[in-house]
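Below is a walk through one protein model, going from helix pairs to cores to backbone details. Please keep the sequence and the coordinates open while reading.

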Amino acid sequence: MRKQLAGLTLICLSLLIVLIAACCPSMQKRDISQERLDTALPPLAADHLAGQTFVSRRPNLCSVEVLLVRYGPEKSRTPGTSHIVFYLKEVDVDDQDPVRQVVDTSGYEHNSPMTFSFAPQPDSQGKRYSLSLEGLAGDDLSVWYSSEDAYGQGEMLLDGQLQRGDLRFVTQYAYDLRLALHDLGELARRYAWPTVLTLVVLLVPGWFVRTVLDLQKGCDPFAGLSQTVAMSLAVMPIVLLWTTMSSVRFSRHGVIAGLAALACVAGWVSLRRGGSSLRRRLSLDSHLGWCVAVPAFALLLAVRFLQIGDVALPLWVDSLHHTMITRLIADRGMIPQTYEPYVPVASTIYHFGFHADAAFYQFLSGLSSERVLLILGQVLNALCSGAAYLLAVRFTRSRLAGFFAFVVVGFVSVMPAYYVSWGRYTQLTGLIILPGFMVTFADGIEAPQNRWRPIIAGSLLLAWLVLTHYRVAIIGVCFALVWTCGALWRTRRIARARSEVVLRAGCILVGALLVALPWIRDFVQAFVVPFGPLVPRLQGSTEARELPWQLLNSGHDRLLMILALVGAALGVARRKRGLTALLTWIALLIVIVNPHLFGLEDTWLITNFSIAIALFLPLGVFVGNLCSEAARVLRSLLAWGQKRPPPIRNVRPGTDRRSAWTGLRETGRRLWTDDAPLTRKRKNAYYALVIGAAFALALCGGWNSLDVVNPATILATEQDVEAMDWIRGNTAPDARFLVNSRWWQYDMRMGTDAGWWIPLLTGRQATQPPVLYSMADPDYVARVNHLGEMVEDSTSLDDPAVQELLDEAAVTHVYIGAKGGHLTPKMLLASGGFRPIYSSGEVWIFAREP
């Protein structure tokens, strides 16, 4: 049997390699992105040649994009009457013919991006290229450029002469399997050990709790691992909460010693119980499961880290304050009482569950907070698929449904992979805990034995949801309400059973409130008591009703929603109580987030958007159920020759047709429900087909998701990181930087480039704090917003009103990052009050003259 399983695994892995090569065509990814512009070149003509030199950072250079300018009036043009000639040549190679391409521009409008595509250059990495653009005589075409240096590794050319500034251009390269494997090797070298440490942090505390509470009996091994991760994530914030109440501080040595002690105790208890749980997980019957699960999870981790291969710092808005809180916890060894020196907020009521987990990982790994977020965030993103597996196994009673739910959530669905673009780590972590709470709550309500143990586990998990993300906590409570109502309906004729259901549900709720009581008390004192009535402040605008249709229609999600509806219908038809409960739960959530349907006010507390981006969990379960039903039909077809159904013969006129209907009904019943044992060969064929289909789906979906990061959410580049190193070594500790910002949402502003990260990366101050500044004193919020608005609306920083605000803010420097914003190098160079002290082309730093 072992040899057969090993052979089957080898066959599957061989098919896997073939599928990788066959199903993963190359995709185009960005290499250089110089999008700063302020001036248009003169019209290109036969006697005017515009150009730009650049150094390709990656192999397989395959296209260059520029932004077109039309000087003449908008009018229809006859095809072929307007064109641009594109040349690309490697610098310092005289015997090479340039790449030449003629593009018909008659259909292009003003400010349209124009892409010149050519055959991939396999050895382009590190080589210097020169691109040139030539137009027709008398044509009105040109391109945009930046009048100041915006790209540090190249120069702009006009008629062969070097000019100040750089073209606005973007290069792309063909990303194929060879490059992916090369990148994977580099990422493994950088992230292998930190990932191992992440798994230690995410498994040891939960293993201890589940072992002590003896919650592992009769549990699916992979569902048990997901429950272990959920419990680990829950334990660390709760421990931090109560140690903070006791004024106990954590340190790196203390965390390492604590994890080692927990592992030793859990191992000792397991051995005292005879190691039956471990033997069950390593038994012969589970070999095939491990042979499938380990490669699948390894593949998912590889995809997740390839997605952030070019990311320098965590992305978008939320990442900044997540990094800030994680660093404060790690520096102080306890929950901070204030967010200073980053934000003058005295009451730290922001949910801290994820940040506590990240801080414990930082204690263990010794990495910086921003690196911790990137690594831990992607590992958690992969583990979210394990949570979908847990949910599917519990509510469909099918491991095969769980495996396909794992594949759909991990490789096919846009969510949760897209969470990295938002830095939405708190909700992501909450959605890993949520299935654990749902399963534990259901077991706690129904389990006739060891009833107090799942109640304790459910209380811990619900308390963690409260400490980590209030919206996910509301979602979890809604499920608890649905499941409790279902249990009451099933026991409606047994009064004692109904009382027991209510008692167990109440114990879980009360236990969670008691565990999280210190934080709830501080939240009420800081957020509820000082501001009067709570209900008016929870009212939201009509924006809360908006659905993210663009996200729901992206990728394959529309198809997934259709398949999920079919899978849900099949689950209801087969009377699967768990799937019916999930459908009821979703319906209840839709009602709660849309109170305007009943004449009530909408609220910002929970919105359609927050629900829509969390639906990947139940959708994965429904699609997994559909796939398991399809596999059931496949198994019945393979068993056809072993156990043939009654034949259906032609019925002559006048004979009894009931026999034909009986045969047809029996055939359908067996295709629907037949679980006849298969012969060895047919069983191997069944496993090969099902596993092969799952891995093919995973490979295709994973490859297509490698570019999931939204370029618009990238605020920092490697050039910005180098500039931060320069700031630390060349500016005074009390330096204060004016940075680019813009309006974000409500009354909050956000940074538009890496200048926003200056306080966290250099210890200096910036004029735009993290968005949690909205929780500070209203006067402080008004000052921050007023300065940002004045700078954004100004055409020159020499304006006396702006200068007065800069004096009040004690600004000593100005930072303009690679992504930029309203402030540009040209604006400051034209001012007499600022002196450039650093420039890499992409990044500029100015000192303010006294």
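On the side of helix 8, the contact is made by Gly353, Phe354 and Asp357. Helix 13 contributes Trp464, Leu467 and Thr468. By class, the residues of this contact are three nonpolar, two polar and one charged. The model is a predicted one, and this applies to every value in the text.

Helix 9 and helix 22, the latter spanning residues 616-638, have axes that come within 9 Å and cross at roughly 55°. That angle makes helix 9 oblique to helix 22. The crossing in which helix 9 passes helix 22 is right-handed. From helix 9, the residues that meet the partner are Cys384, Ala388, Leu391, Ala392 and Thr396. They face Phe616, Leu617, Val621 and Asn625 in helix 22. The contact of helix 9 with helix 22 has seven nonpolar and two polar residues, and no charged ones.

Which residues have the most contacts inside the largest nonpolar core? They are Trp585 and Tyr815, in a core of 194 residues. Helix 9, residues 369-396, supplies the largest share of this core, with 17 residues. With neighbours within four places in sequence left aside, Trp585 is in contact with Leu434, Met438, Ile475, Cys478, Phe479, Val482 and Pro618.

The protein has 850 residues, of which 54% count as buried. Its secondary structure consists of 29 helices and 20 strands. Among contacts between residues at least 6 apart in sequence, 80% join residues at least 24 apart.

Thr326 is found in helix 7, residues 318-332. Is Thr326 buried or exposed? Thr326 counts as buried because its relative accessibility is 0%. Residues up to four places away in sequence aside, Thr326 touches His355, Ala358, Ala359, Gln362, Ser369 and Leu373.

The other example, Phe54, is found in strand 3, residues 49-55. Phe54 also has a relative accessibility of 0%, so it counts as buried. Not counting residues up to four places away in sequence, Phe54 touches Ile32, Leu61, Val64, Leu88, Lys127, Arg128, Tyr129, Leu131, Tyr151, Gln153, Phe169 and Thr171. How many residues apart in sequence are Phe54 and Gly154? They are 100 residues apart in sequence, while their C-alpha atoms are 4.6 Å apart in space.

The backbone has some details to check in the loops. The peptide bond from Glu340 to Pro341 is cis, with omega near 10°. The location of Pro416 is the loop between helix 10, residues 399-412, and helix 11, residues 419-422.

Two residues other than glycine have positive phi values. Phi of Arg397 is near 60°, and Arg397 sits in the loop between helix 9 and helix 10. Arg397 has a relative accessible area of 62% and is therefore exposed. Ala810, which is not a glycine, has a positive phi of about 55°. This residue is found in the loop between helix 28, residues 800-808, and strand 18, residues 813-816. Ala810 counts as partly exposed because its relative accessibility is 44%.

Methods
Residues are numbered from 1 along each chain as its sequence is written. This is a predicted model: local features need pLDDT of at least 70, side-chain atom pairs count only at pLDDT 80 or more; totals for chains, interfaces and linings use all residues. Side-chain values use heavy atoms; hydrogens and water are left out. A nonpolar core is a set of buried Ala, Val, Leu, Ile, Met, Phe, Trp, Tyr and Cys residues joined through side-chain atoms within 4.5 Å. Buried means under 20% relative accessible area, exposed over 50%, partly exposed in between (1.4 Å probe, protein chains only). Helices (H or I, at least four residues) and strands (E, at least two) are DSSP runs, numbered from the N terminus. Contact means heavy atoms within 4.5 Å. Axes are lines fitted to C-alpha atoms, for helices over the stretch in contact, and angles run from 0 to 180 degrees between N-to-C directions. Angles under 35 degrees count as roughly parallel, over 145 as roughly antiparallel, 65 to 115 as roughly perpendicular and the rest as oblique. A crossing is left-handed if the near helix is turned anticlockwise from the far one by less than a right angle, and right-handed if clockwise. Ala, Val, Leu, Ile, Met, Phe, Trp, Tyr, Cys and Pro count as nonpolar, Asp, Glu, Lys and Arg as charged, and the others, Gly among them, as polar.
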